[in-house]
Amino acid sequence: MTTPTYSVIAPIYNELSNIPELYRRVKETMDLTGEAWELIMVDDGSTDGSSAKIFELAEQDERVRPVIFARNFGHQIAVTAGLDYAQGKAVTIIDSDLQDPPEVILDLIAKWKEGFEVVYAVRAEREGESWFKLLTASLFYRMIAAITDVKIPLDTGDFRLLDHKVVKVMQQMRERHRFLRGMSAWVGFKQVGVPYRRAARLSGQTKYPFRKMFKLAWNAITGFSYVPLQIATYLGFISAGLSILVIPVVVVMRLAGSQAFFGQASSLLAVLFLGGVQLISLGILGEYIGRLYDEAKGRPLYIVRESQDDVNIGK
Ligand code: UDP
Ligand code: MG
């Protein structure tokens, strides 16, 4: 098989019912380009028989390349493996539940041909998602924009096209707790957004429960910002400053015979407030230290149980 011009990466976690339609629409779209392409299906430890389906497709069509994980490693890691295996000159990351319409890849390619090296798809409209998801997603993107230095475009997911130069740089970035959108903004290069309509999931349930979304949010924050660590410093200065201001007030009130600051309630509140602030600061510190520890262990990012070819890069 010749080296493909285009790679499409689809991370798959229990998406058995979506795989045939995903393959059909990707194939239909990519055939329109008239160039060689590959579809890398990364099975992220599915338990519903997705991997058997992937192998079945790979047998019919050699452009389908299976990468099967030994267990569930998470969406961001599955995409990372896809990037490691991708051979194309332009690499597109797409969700396998067809929320990202494969047809949009043609628009991404058009921008790539104009010379852009990172073409990210911007969710102009979203269908079939709960108000809770929309609200948390919108808050999340705006908070990230506020506290980080990297310009991560608002309302983008991982649906994007990366030039192979960018892919090469991303392959060097082996951090464990990943936020790929941030990483692909951080690298620089010529970037542009393309608006699209995000569809509803074809079938099945979201594989991103609140727990996983929360983890992704923490990875995004800790990966790109020290602001949480600095919060402790700010709070320390604020409460120290306040107490210095309050001391003369209390002294004067006491001398004037006021009873205002007697009693347990006020001291209890102060102790609880400071105790709370200290525990939260410790927790934030812990988040960063835990991540440091994970990096120090230097374990592989993922474990591949089965794939047809060698990976481009050491894991
Ligand atoms: N996914 C994955 N591993 C996981 C969770 C999700 O590979 O642990 C895949 C999933 O199969 C889908 C994509 O990541 O192709 C996005 O997940 P999902 O559609 O469930 O997220 P949502 O669109 O609801 O945010
Ligand atoms: Mg989805």
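In which hand does helix 1 pass helix 2 in the crossing, right-handed or left-handed? In this predicted model, the crossing of helix 1 past helix 2 is right-handed. The residues in contact are I19, P20 and Y23 on the side of helix 1, and S50, K53, I54 and L57 on the side of helix 2. Sorted by class, this contact comprises 5 nonpolar residues, 1 polar residue and 1 charged residue. Helix 1 spans residues 19-32 and helix 2 spans residues 50-60. The two helices pack at an angle of about 35 degrees, and their axes are 10 Å apart.

F69 and Y302 form a stacked pair, with 5.2 Å from centre to centre and 10 degrees between the planes. F69 belongs to strand 3 (residues 64-69), whereas Y302 lies in the loop between helix 10 (264-297) and strand 8 (304-307); the pair therefore ties together parts that are 233 residues apart in sequence. F69 and Y302 are both buried. Elsewhere, one aromatic cluster is formed by W131, F132, F210 and F214. An aromatic ring also takes part in a contact with a charge: the charged end of R71 sits over the ring of F73, at 3.8 Å from the ring centre.

Helix 8, which covers residues 210-224, contains K215. With a relative accessibility of 53%, K215 is classed as exposed, because the threshold for that class is over 50%. Between the C-alpha atoms of K215 and H177 the separation is 9.1 Å, and these residues are 38 residues apart along the chain.

Backbone geometry was considered for two loop residues. L98 is not a glycine, yet its phi is positive, at about 65 degrees. This residue, L98, is placed in the loop between strand 4 (90-93) and helix 4 (105-113). Its relative accessible area is 3%, so L98 counts as buried, a class defined by values under 20%. F189, likewise not a glycine, has a positive phi of about 65 degrees. The loop that holds F189 runs between helix 7 (180-186) and strand 7 (191-198).

How values were computed:
Residues numbered from 1 in each chain as written. Chains lettered and ligands numbered in written order. Predicted model: local features only at pLDDT ≥ 70, side-chain atom pairs only at ≥ 80, totals over all residues. Heavy atoms only, no water. Axes fitted to C-alpha atoms, helices over the stretch in contact; angles between N-to-C directions. Helix = DSSP H or I, 4+ residues; strand = E, 2+ residues; numbered from the N terminus. Left-handed = near helix turned anticlockwise from the far one by under 90°. Contact = heavy atoms within 4.5 Å. Nonpolar A, V, L, I, M, F, W, Y, C, P; charged D, E, K, R; others polar. Phe/Tyr/Trp six-rings, centres within 6.5 Å; stacked < 30°, edge-to-face > 60°. Buried < 20%, exposed > 50% of the residue type's maximum accessible area, 1.4 Å probe, protein only. Lys NZ or Arg CZ within 6 Å of the ring centre and 35° of its normal.
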